[in-house]
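Here's a quick tour of a protein model, one topic at a time. Keep the 3D view open while you read.

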Amino acid sequence: MQGLKENKNQFLLLVLVNAFVGAMVGMERSILPEFGKTIFSLSAASALTSFIVAFGISKAISNYAVGILSRKFTRKQILVTGWLLASPVPFILMYANHWNWIIIANIFLGISQGLTWSTTVVMKIDLVGSKNRGLAMGINEFAGYLSVGLAAYLSAQIASQYGYSFYPFMPGLFFVLAGLVISLFWVNDTASFIQRETEQSTIPILKNIWASTSWKHRNLGSVTLNGLVNNLNDGVMWGLVPLLLIQRSFSIAEVGVVAGIYPMVWGISQLFTGKMGDHFCKKQLITVGMLLQALAIVFLVVFTSFTGAIIAAVLLGLGTGLVYPNFLTVVAENAHPTQRAEVMGVFRFWRDGGYVIGALLSGFLADSMGLNGALYSVAAITAVAGIIANLRMCCTLKLFWRSQECIPAL
């Protein structure tokens, strides 16, 4: 039987697993750009963000692969495989003697993230059904991104005490071991829930999953575009903001605080914003979230103090928290249960492709027009995406403010 309360034990196990998934990304989030400058003497922004390109490409492809693999393998098998592929990452980062090893580590990390995070999301949706789906996604993303923030802060603190090499990546050994053991021995597969939901579902089958999810379907296409832009600006935050703050003479510890606050606020806020999506019009929550992100990025440039950076990080976290769980619930409520994994895979392919576009674009813009110009450009792109969502999407639940109900057709 589907339901959050009815399956709370398995749901909480998957939440814990996703926390360790997020921690794997967080451990390098606040320190890797400066790590490249300090240890390997890299200077160009495009070179320093190359690890994000590697991460984004591999994660986007593995996200899409989850949908394909789900035809032949169980959710649990895919989840365990993702953790096995994560196991070399801490060792490669700890013993890397060339920047190319960092690229390789992030390829493994990206593949692992795609398989593990996508699978935990789909498994939670399988468990809870349509009721409280927004709350479930909020809890899931809360755990993942709170862990990103905590791990980012932890690695920055370790780096400030012991340097950038070896020691900041040691916590990754625990993250991998814990995630793998829980997934292998305690997490159960969710195939039986899919069968029951399929018998009751009235959601139409999509004729072309790729085209509908990428753009043609008004709701799915709009959240896919905004998901891509959201991760585009997240890739910029990951790659350029530590460089911007170091340029402003912030200490390593201060950079860690700013880099950690953003995903922590992002994570905590989703406990509330996911539930909001169960009651209010999602398109307007998404629009407000994207516009708030754009404003935060502008603030990050304008306010040069440590306090200003913290305020910008909080606003950026709130804006991202508004959109993230609601992206997932829009996908879930517009995808037939038998197509859910594939639709989610296509959405997450494009969404995490935003990391690649963001890294390439920000590196090019930063090298050609400076860090401030790059951030202003990304803020404008983010605002435009939010406006498109408001113009194109349909409301499928109660209205937050005046809007027209419509059928999410082509």
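Where is the place of asparagine 334? Asparagine 334 sits in the loop between helix 16 (306-333) and helix 17 (340-392); helices here are DSSP runs of H or I with at least four residues, numbered from the N terminus. Before going further, know that this is a predicted model, where local features need pLDDT of at least 70 and side-chain atom pairs count only at pLDDT 80 or more, while totals for chains, interfaces and linings use all residues. Residues are numbered from 1 along each chain as its sequence is written, and side-chain values use heavy atoms, with hydrogens and water left out.

**Asparagine 334**
- Asparagine 334 has a relative accessible area of 8%, so it is buried (under 20% relative accessible area, with a 1.4 Å probe and protein chains only).
- A polar atom of the asparagine 334 side chain lies 2.7 Å from the backbone oxygen of valine 330.
- Serine 212 is 122 residues away from asparagine 334 in sequence, and their C-alpha atoms are 10 Å apart in space.

**The cavities**
- How many cavities of 30 Å³ or more does the structure hold? There are 3 of them; a cavity is a set of points, on a 1 Å grid over the protein atoms alone, where a 1.4 Å probe fits but cannot get out.
- The largest cavity has a volume of about 160 Å³, a volume being the space filled by probe spheres set on the points, which are joined across faces, edges and corners.
- Its lining is made of 16 residues, and Met237, Val241, Val258, Ala259 and Tyr262 lie nearest the centre of the largest cavity; a lining residue has an atom within 4 Å of a point.
- Helix 12 (218-239), helix 13 (241-247), helix 14 (252-276), helix 15 (282-302) and helix 16 each give at least two residues to that lining.
- Helix 14 supplies the largest share of the lining, with 4 residues.
- Sorted by class, the lining of the largest cavity has 15 nonpolar, no polar and 1 charged residues. Nonpolar covers Ala, Val, Leu, Ile, Met, Phe, Trp, Tyr, Cys and Pro, charged covers Asp, Glu, Lys and Arg, and the others, Gly among them, are polar.

- Among the buried residues of helix 9 are Pro171, Phe175, Leu180 and Ile182.
- The cover over the buried residues of helix 9 includes helix 1 (8-29), helix 5 (75-86), helix 6 (89-95) and helix 8 (133-162).
- Threonine 190 is in the loop between helix 9 and helix 10 (191-200), and at 1% relative accessibility threonine 190 counts as buried.
- Leaving aside neighbours within four places in sequence, threonine 190 is in contact (heavy atoms within 4.5 Å) with Arg75, Met123, Asp126 and Leu127.

- Glutamine 10, found in helix 1, is buried with a relative accessible area of 17%.
- A polar atom of the glutamine 10 side chain lies 3.0 Å from the backbone oxygen of tryptophan 186.
- Leucine 109 belongs to helix 7 (residues 99-128) and is buried, with a relative accessible area of 0%.
- Not counting residues up to four places away in sequence, leucine 109 touches Met24, Val25, Glu28, Phe55 and Val89.

Methods:
Buried means under 20% relative accessible area, exposed over 50%, partly exposed in between (1.4 Å probe, protein chains only). A polar contact is a pair of N or O atoms within 3.5 Å; within protein, one must be able to donate a hydrogen and the other to accept it, and residues adjacent in sequence count only if both atoms are side-chain atoms. On a 1 Å grid over the protein atoms alone, a cavity is a set of points where a 1.4 Å probe fits but cannot get out, and a pocket is an open set with protein on both sides within 12 Å along at least five of seven lines; lining residues have an atom within 4 Å of a point.
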